[in-house]
Amino acid sequence: MSDAAIRPHAELPVGAIGSRASGWWAMIFTIFTEGSLFAYLLFSYYYIAAQPHLPGTFPQGGVPSLALALPNTIVLLISSGFVAWAQTGVERNDKKRLALGLLIGCLLGIVFLIVQYFEWAGKSFPLASSPYSSLYFVVTGFHMAHVVVGVLVLAALWFWSRRGYFNNVRFAHVHIGAIYWHFVDAVWIAVFFTFYITPLLGLGA
Amino acid sequence: MRQDANSSVKVAWLSALLATLMFASPARADAPLNYLTSHSDRADAVLHLTWGVMGISVVVMAAIGVLLTVSIWRRPGLAEPQPGMRLAVGPREGGLSWLWIGVGVSGLALLATVVWTVDVLAGLAEPAEGAPFTIEVTGHQWWWHVRYLSDDPSRIFTTANEIHIPTGVPVRFKLASGDVIHSFWVPALSGKTDLIPGQTNELWLEARDAGTYRGQCAEYCGIEHARMGLIVVAQSPAAFRTWWDHQLQSPAPPPDASAMQSFDMRCGSCHAVRGTAASGVLGPDLSHLMQRKTIAAGLLANTERNRLHWIDDPQAIKPGSLMPAPELTPHELAVIDGYLETLR
Amino acid sequence: MSSITDYERMPDVAEAERRGLAQEMQRLWETGPGVRGWLSTVDHKEIGLRYIVTAFAFLIAGGVEALIFRLQLAGPNEHLLTPEQYDQLFTVHGMTMIFLYAGPVLSGFSNYLWPLLLGARDMALPRLNALSYWIYLCAGVFLYAAFAIGFGPNDGWFNYVPLAARAFNGGPNIDFYALGMILLGISTTVGAINFIVTFLRMRAPGMTINRVPILIWGTLTASAANVFAIPAVSLAFFLLWMDRNLGTHFFDTAAGGQALLWQHLFWMFGHPWVYAIVLPAMGMVSDGLPVFCRRPLVGAPAVALATVATMVLGFGVWVHHMFATGLPTISLSFFSAASIIIALPSAVGVFAWLATIWTGRPVFTTAFLFFASFILLFTIGGVSGFMTGSLPVDWQLTDTYFVVAHIHYVLIGINVFPVAGAIYFWFPKFTGRMLDERLGRWNFWLMFAGFNIGFFPMHIAGLLGMPRRIYTYADGMGWDWVNLTITAGSFVFAFGVLLLIANVVRSVKAGRFAGANPWDAPTLEWATSSPPPPYNFVVIPTVGGAHPLWEDRLGTEGETSHTRAGLVLDHGREAIGTTPVDAEPNVILKMPGDSLSPLCLALAATALFVGLLLLAWWLVALSLLGIGASILVWLWPRARLGETAGGAHV
C-alpha cells in the first residue's frame, strides 16, 4: 500500500468553508427547478397571449401602468445590492456590515411586498374574471410567495448573524440564502418584462 | 451474384411481412375498425408507410432476437459464479465494432424512415383539391352532431352519428367540440383528428369504394367513451345527391297527430325533427331517423326492439349517458316509437 | 482531538482492519434504537429499502387493479364493472405504475446503491433523502385515500382538460389527483437534487468522471431531467386545481382558456419522465449484465454518452403525444423526425449489451436471464415507439391498444424486468443472503412468457382498431380472441411476479449466505460486507479505474484502486468531498445525524395539501407555520457540523 496514492496533497478544509457546501449546490439546483417553474408559467402566458383575443381583453384593462411597478423593480434590485454588500462583508469578517446589509435587504423586500399589495388592489378585475386576470394574479402571486420566503430567509440570516454565527470562514448559510434572494430578484425582471413591457411592444393587443 | 443478394433481401423482407400478416390478417377481415386495409388514395400512402415501418420493426426484432439467442448459447461460461474466477477478456477488451456497425445500420434505417415519413406527409399536407362541400362535425358526450354546409342556405341540414359521403371525391370536414376533447376516427379512410373545444380542426376524407365504414371516438371523453361510435356511408355521387335532397325534406306528417305531440312534449326539448315543433339541440337530431342504420351513436342496430329498449331505459344500455329515462307508460312508448317509425 | 475551531485537517490513513476502527465507526453511524430511531434515520440504505418495499406495495396494488379490469375485458359486453369503476381502475392503475411504482422503485435502488457504488458514506444530503421518502409515502397514501373512499382519479393518468375540469368532473376525484401529484413532485424534485449534488461531491477519491458506473449516469441524467421537467406537471396540476376551486380560466375553453396548454405542460414533463423511469433501469443492466458475461461492458463511455443524449433529445419530442391535435404539419414533421432519430442513442445501448454477451462468457443466473431478456423487450418497445414516431402512421396507431402495448413494453420491459434482475443481483448485498435460483428460473420464465403472451397481442388488438380506455366492446369487432389471450397472459405474468415476491420473502430468512462479493463483481459496493455496515466503508476507498475489484485480472495500466486501506474519518460523522470532475479530495464533510425534521416537514407538507383539498384555510395557515418551523430547526446552524463560527469540531 502506498500512502502517497491515498493521502491528499494538502490539509483539507473541514465542514462548510466559504460557499463550498453541499447545501450551496442544492440551492443552485433548487434555483434551476424554480427557474423552470417560472419558465413554464411565462410559457403559459405567452401561449395564451398568442391566441386571438377580443380588443382590450388581453391585457385586460389595457397596457398595465408602470407607475408602481417600475419603482418597485428598482427597490428589489437595490435590495439585491445590499445583500451582495452583506455577502462581501462577511467574507471580510465584517459582521456589522453583514447584519446591516441583510437587514436592509430584508426591509426592502418588505417594501416590495407592500407596494405589490397596492398594485394588486389597484386592478379593476378579480382573479376569476378571465385568462388574463388568472395569469396576472397567479404569476405575480407565485413571485410574491417567493419574495415572502426570501424575506423570511433574510430575516433568519440576519438573526443568526446577530448571534455571531458566521465569520470569514463559516458563511455558507449566508451565501446560500443570498443566492436565493438574487434569484427571486432576477425572476422578477422576467415577470416584469412579460407583464409590463411586452404589451408595450404590442403582444396580445 | 448480385441478383442473388437482391433476391435474398427480398425473401427476408417478404418473410418478415408474412410473419406480421400471420398475426393480423386472419382477424383483419372481421375487425371493422382495423386500419390494415384502406379505402382511399390518401390512406393508401399511409398504409404503405405503416407496412414499411412495421416491416423494418419486424426485421429489427427478429435480428436482435437471433443475435441475442446465438450470443447467449455460443460460448456459455460456468454454471455458477465463483469468487476470483477468470474473466472472459483481458486488457484489450474488444467488441467495439458492434457499436459502429449496429449504430450505423440503425442510423441508415432511421434516416430512411424520416425521409419516407416526410415524403408521405408532404402529400397529405396539400389540401385536397376539388372538395365539393364541407361537413361540420361537433363532438358531444357521447354522440356526433353532423351538419352539412353549403353556399346555398336552403341546402344546409343537420343529422347525427351517420355521415354519408360521395365516393371518389375528397370531402372537407370541420371538426369541433361542444364539451370535452374527442377524436374523430374512421380507420379505413383516415387517421385520427381531435375535436377540441375552442378550436376547429380540418380533415379530408375520401372513399374510393362504396360501403359502410365504422368510426369511433378515439380520445377518452368520459364514462361512455367506449360507446361513442359513428358510421360513414360512402355511396355513388348520384345516390349521395338523392340522399342529400331527401334529408332536406321535412318528414311527412304522421297519420296520428297526437303521437307527434307526445314526442314533442317528452322528447322535443332535447331532440329535433326538421319542420316540427321538436327543436332541441342537446341530443341528436332525429329527422329521417329511420334511414339510419344504428341508434345510440353506433351502439345498437336501428330495430324496433332496440329502439323500444333504448327509449325505455337508456341507462341500462349506456350507463352514464346524458339521456334520462323518460319514464313512459308502455302505451306512450309504443306511440312514440310509432311516431319515430314515420321519420323516413 | 481538541474542541477548538478546527478549519483544516490532514486525514489519517489506515488499514481497514485497524483495531477498534470498525467499532468506532459503528458507534458514530449507527441509527438510534426504537421507534424514534426508525423514524429519524437518515441512512441511505434504510431509506433505499423503504423506497423499494413501498414501491412494490404499489406495484401489487396496481397489478391487482389491472387484473380486475382485464377480467372485464376478457370477452365482449362483460358486466363485471360499471363504467365508472372501470374508469377509476384504469386511471389509478396508470397513476400507480407510472408515478408510485416505476419512478420510486428506481429511486430506491439508486438510494441504496449510489453511495456504495461511489465509495461514499452516504448521500450528500441525508436528511433531504429522508424527506424525499416520507413525502413519497404521504403522497402515495394521499392519492390512494381518494381511491379508498370511492373518488379515485378517473380521467386517465394524463388527465386531459376540459374533461378534468369542474364542469365535467364535479367530484373531488381530480382535486385529490392534482394535489397528490404536486406533493409527489416535491418528493421527486428533492430526491433528484440530492442525486445531482451527491454525484458532484461524494465520489470516492480517484473516481474521475470516466470511471463512474453507468447506473450513476442513468440516475444522474434522470435526476437532471426531473429538475427541469417536474415543475411543468406540478404547475399544470396547480393551475387545474385553481381552475376547479378558485374560478381561474387557464384551461376553461368557454372563457378563452386553452385546452392544449394542459397537453403541452403535461407532455413537456411526461416525455422526459418516461426516460427518467427507464434510464436508471438501463443503467442497472449496463452494470449488472457484464458481471455475468465476465467482462466489462463494451463501449461503456458510449453508453454513458448515449444515456445523456437520450435525455437531451427527450426534451424535444413531447409533441409526438399530440400528433392528432391539429397542430401545423410543419412543426409536427420536426417532432416526428426527432421522435424517430431519438432511437439512435438507444441503438448504442442495445448493441453494447449484445456485444458484451457475444464476446463474454455468459453465466446463466436468474439475474442474467432478466437482464438479457430485457434487451429483446427493450427492442420491441423501441421499434413500436419508432413506429408511432412516424407521424402519418401515428395518426392511426395513437390511442389504440398499439400504444398500450408500446407503453407496457417500455415500462415493464425496461423497468420491471431490469428491476427484477436487479433484485436477484443485489439482494445478497441488501440482506447478506442469496435468492433461490431454482425458484428464480420459474419466476423468470413465468414472467417472461406471461408478459409476452399478455402484452404482445395488444399490438394486434391495436392494429385491429381497438381503442384504449374502453370499458367494454361489442362482439363482432374482431377483438374477442385477442383480448382473451391478453387477460390469460396477464394472469400468468402476475403469477410470475408473485413468485418473485415469494422468493424474496423466503430468502430473507432462509436464503444461502452470501459473502461480500458472491458474483465476483467489479464495483465498489461488493468491496464491503453484505449487508454493508451503517458507515458503508471503514476507510474511504481510492479508485484507480472503472472496475476496482477486477483490476488484478484486467491488467490495468497506471493507477490502482485501494479498498483495504484508505482515509480514516472518525471525528464524528464525516465523509470525504471531492471535486466534480477529477474527484480530488477537497473537503472533509460533516454529515448530519439522525433527525426528526424530515418527517415533521413531510407531515406538515401533507397537512398543507389536505388543507387545500378541503379548502380549510386555517389548516393551510397552520401547516405553513409547521413547515416554516421544521425548516428553521432543520437549517439552524450547528457548531457540531462546523456550520457556525463557533468551532468546526467538538
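In this predicted model, chains A and B do not touch. Their nearest C-alpha atoms lie 10 Å apart. Two pairs of chains do touch, and the pair with the most contacts is B and C.

The contact between chains C and B draws on 98 residues of chain C. Chain B contributes 92 residues. Interface size is often expressed as the accessible area lost when the parts come together. For chains C and B, the buried area is about 8,100 Å². Carbon and sulfur atoms account for 71% of this area. Within chain C, the three residues that supply more than any other three are C:Trp358, C:Gln396 and C:Leu463. Together they provide 10% of the area that chain C buries against chain B.

Polar pairing across the interface was also examined. Between chain C and chain B, 26 residue pairs are in polar contact, both residues being at pLDDT 80 or more.

Several helices of chain C form part of the side that touches chain B. At least two residues each come from α4 (83–118), α8 (259–276), α11 (329–341), α12 (343–358), α13 (366–389), α14 (391–397), α16 (437–463) and α18 (551–554) of chain C. The largest share belongs to α12(C), with eleven residues. By class, the side of chain C that touches chain B comprises 61 nonpolar residues. A further 25 are polar, and twelve are charged.

Technical notes. Residues numbered from 1 in each chain as written. Chains lettered and ligands numbered in written order. Predicted model: local features only at pLDDT ≥ 70, side-chain atom pairs only at ≥ 80, totals over all residues. Heavy atoms only, no water. Contact = heavy atoms within 4.5 Å. Buried area = accessible area lost by both parts, 1.4 Å probe. Polar contact = N/O pair within 3.5 Å; in protein donor to acceptor, adjacent residues only side chain to side chain. Helix = DSSP H or I, 4+ residues; strand = E, 2+ residues; numbered from the N terminus. Nonpolar A, V, L, I, M, F, W, Y, C, P; charged D, E, K, R; others polar.
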